[in-house]
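These are my notebook entries on a structure that I went through element by element.

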Protein chains: 2
Amino acid sequence: MHPVIIVHGGAGDIPDSRVQGKLDGVKAAVLTGNKILQQGGSALDAVEAAVISMENDEYFNAGYGSVLNLCGEVEMEASIMCGKNLDVGAVTLIKEFEHPISIAHKVLTDSPHSLLGGEGAKLFAIQKGFATVPPDSLISDNAKHALEEFLKHREFGRTEIGVKDEGGVGTVGAVAIDSKGNVAVATSTGGMSGKAVGRIGDTPQIGSGTYADNHIGGVSTTGHGESILKYCLAHSIIKLIERGSTAKNATEVAVNAMTSRLNNTAGAITLSATGDVGINFSSKRMAWAFIKEAKLLYGIERDQIFEA
Amino acid sequence: MHPVIIVHGGAGDIPDSRVQGKLDGVKAAVLTGNKILQQGGSALDAVEAAVISMENDEYFNAGYGSVLNLCGEVEMEASIMCGKNLDVGAVTLIKEFEHPISIAHKVLTDSPHSLLGGEGAKLFAIQKGFATVPPDSLISDNAKHALEEFLKHREFGRTEIGVKDEGGVGTVGAVAIDSKGNVAVATSTGGMSGKAVGRIGDTPQIGSGTYADNHIGGVSTTGHGESILKYCLAHSIIKLIERGSTAKNATEVAVNAMTSRLNNTAGAITLSATGDVGINFSSKRMAWAFIKEAKLLYGIERDQIFEA
C-alpha cells in the first residue's frame, strides 16, 4: 500500500486576510505527517503529528489560537481513531495543555475508556506526564478579537467561525493510510467563539467529527458542530462508502444532505480504504492539502486545486 | 398514527435477584410514557417521563441508583433527540441533579448547543431552575456494593455491569412515536462501576446511545459503552432501516455485528417510522417493555415475551 495523507484546517467564511496563513499551515501539516508515513511510521502517529503542527499554528482554531468561550477561556477537544480495531481516544473540556490530540492518543493507548472530559481528563493527562501550561498562553490576539466581535451580536454563525467573519479560525483534522493499510483519523478544535462554558461539540463524538475503519476508510469533519453531530456526518460518509460510493461522491452527498436538512454548513476530508480522496465543503472556504503518489495538492476555494 | 412506546432498563449479566425489580420498573416506565401519548402529548415528553420513572428507581443505573466512579461519586449523563428536526439535548458529567434527562430536554429547547458537560452543564441547569441535591442522596446501597465488588478485581466487564455480576444495574432508554408521527428517543445512565473520573460513555454521544429521525425511526442503546460508541450502534441501526431493513432485523444485525467486531455485548430498542418494533441484545439479559395497539408486552430473557 502506498501511504496517503490528507488534512483540513477548518470550513467556514474564512476572511481574505487569513487565506495565505491557512494554506501555508495545511501544507506544513501534511508534509509533517507524510514524513512519518514515508519513514514507515503508523497512520496514528502521522495524523497526530499533522494535527500537532496545526495546534501550534495560530491560523487554526486548535491548541494555541483556539477560540474563546463566553467567559474568555479556551476549552479544547480532540479525538483520534484507529481503523484497524476501531480503538478511540478523545478528550473534551481541556484547558491547560498545548496538545489535546496527544492526550487523546494517550487515552487510546493507555485508558480502558474512549472519552475523558474536564477535571478527569486533566488528571489523566498529568498522570501520563503531560505538562500543564498557563491557560492564557494558549490565547491568541485573533481569538480575543473574535470573541469581541461575537459579543457585539451574540449570534452563532452558520459555521463555527460565524457569518460575521470573526477571524477565520478553524477546526483541524487529518486522515491517513500507512504502508500496512491501516487507516487513522485525528480531529482537534477550540469549538466556536462565544460558546457556553461546558459546551461539547462534534469533534470528540465518534461518528460526528471523526471516524476510521480499515474496511471502509476514514473521515474528519469541520463546520457547524451542532449540525455535524445531529447528522453524524463522519459516519454518514463512511456508510455511503460501505454501500459502494466513491470517497468523493460520498463526501459530497453527505455534506450537502446535512446542509440541506439542517441549514448550516460543514466540510469533510475522506480517504477510502484503497486511498481514494474525497474533499467537500458547503461553507465558503475550507483549507485542505493532501499528498498521494509524491504529489502535494492543496486548496481553499471551491473547485480550486493547486500543486506544490 | 397510533402512538407506540418502548423502553429498556439496561443490557447485561443481570443477577436473578434483580430480575423482578427490573421487570416491574420497565412496565411502570412504559405505562407512564404511554399515558402522555394517549392524552395527545408529544413523543419528547413521553420518552422524558418514561426515563424519569426509571431514574427514580434504584433498580436502574440512572439518576438515583447510578453506579459509582473510582472515587465513589455519581457522574451521570443523558441525551434526548427529536426526530422531526434532529434537535438534540444532552448532558454529561452531572453530579448533583435528580433527573439528568430533564436537563438534557432543557438543553434541547433552550440552548444554542446540543451537549453540555461538567460545571457548564451545572450552571445551565441552575439558571433554568433545576434544584441541586446532595450528591450522596443519589447513591444506593446496591451501587456502593457494586463498586466494592469492582475494586476486588478492577476489570471492566463485557457490559457496563460487568461479567462479575455486580448488582444488575443498567442504563435506561425510551423510544416513542406520537399521534403526529413524531419520533423521539431518550437515554440516561450512570455509566460503569469503577469508571475513571471524567469518563464519558456512549449515552450522550448522538448516533451511539441515541438517534431519532422521523423519516427512518428511533433507537436507544445500552451495554458496553466504549464498544457502542466505536461502532456508532444507534446510527448503524438507523442506516440499515434507511436501506430497507425491518426494525427487528436492523437491530439484530447491528447488535451482532458490533459484538462480533469488538467482542463486547450490547442491546438496543428500535421503532421504525411506521411503528415496527426491534429488540435485540447480545448480553445475557435486557429488560424491555412496549405498548402498541393497547397491548403491553415485556421481557428480560432471550426469546421471552410476556403480555401484561
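**Entry 1: the interface**

I began with the charged pairs between the chains: the rule finds 4 salt bridges across the interface of chain B and chain A, a salt bridge being a side-chain nitrogen of Lys or Arg within 4 Å of a carboxyl oxygen of Asp or Glu. I note that this is a predicted model, in which local features need pLDDT of at least 70 and side-chain atom pairs count only at pLDDT 80 or more, while totals for chains, interfaces and linings use all residues. Residues are numbered from 1 along each chain as its sequence is written, chains are lettered from A and ligands numbered from 1 in the order in which they are written, and side-chain values use heavy atoms, with hydrogens and water left out.

One salt bridge that I looked up joins the side chains of D213(A) and R261(B), at 2.9 Å from N to O. I then took the polar contacts (pairs of N or O atoms within 3.5 Å; within protein, one must be able to donate a hydrogen and the other to accept it, and residues adjacent in sequence count only if both atoms are side-chain atoms). Between chain B and chain A, 17 residue pairs are in polar contact, both residues at pLDDT 80 or more. On the side of chain B that touches chain A, the elements giving two or more residues include β3 (88–94), β8 (210–213) and α8 (247–262) of chain B; helices (H or I, at least four residues) and strands (E, at least two) are DSSP runs, numbered from the N terminus. α6(B) gives the most to this side, with 4 residues.

For the extent of the interface, I counted contacts, meaning heavy atoms within 4.5 Å. By this criterion, 43 residues of chain B touch 43 residues of chain A. The buried area is about 3,400 Å², with 58% from carbon and sulfur atoms; this is the accessible area (1.4 Å probe) that two parts lose on being put together, summed over both. H113(B), K230(B) and R261(B) supply 20% of the area that chain B buries against chain A, more than any other three residues.

I also checked strand pairing, which requires that DSSP finds at least two bridges between two strands. Strand β4 (residues 115–117) of chain A pairs with β7(B) in the antiparallel sense over 2 bridges, and L116(A) stands opposite R199(B).

**Entry 2: salt bridges within the chains**

D13(A) forms one with K284(A), the closest N and O atoms being 3.7 Å apart. D13(A) lies in the loop between β1 (4–12) and α1 (19–38) of chain A and K284(A) in the loop between β11 (277–281) and β12 (285–292), so the pair ties together parts that are 271 residues apart in sequence. D13(A) is partly exposed at 23% relative accessibility, where buried means under 20% relative accessible area, exposed over 50% and partly exposed in between (1.4 Å probe, protein chains only). K284(A) is partly exposed too, at 43%.

In chain B, the side chains of R18(B) and E58(B) meet in a salt bridge of 3.5 Å, N to O. R18(B) is buried at 6% relative accessibility, whereas E58(B) is partly exposed at 24%.

**Entry 3: N69(B)**

Is N69(B) buried or exposed? I find N69(B) buried, at 0% relative accessibility. N69(B) sits in the loop between α2 (43–55) and β2 (76–82) of chain B. Its side chain makes a polar contact of 3.4 Å with that of E75(B). Leaving aside neighbours within four places in sequence, the contacts of N69(B) include L147(B), G194(B) and V197(B).

**Entry 4: strand β6(A)**

Why is β6(A) described as largely enclosed by the rest of the structure? I find that 7 of the 7 residues of this strand (residues 183–189) are buried, so it is largely enclosed. V183(A), V185(A), T187(A) and T189(A) point one way, and A184(A), A186(A) and S188(A) the other way.

Strand β2 (residues 76–82) of chain A runs antiparallel to β6(A), joined by 6 bridges, and M81(A) has V185(A) as its bridge partner. Strand β5 (residues 172–177) of chain A pairs with β6(A) in the antiparallel sense over 6 bridges, with G173(A) opposite T187(A). In the hairpin of β5(A) and β6(A), which has 5 residues between the strands, G181(A) takes a positive phi near 85°.
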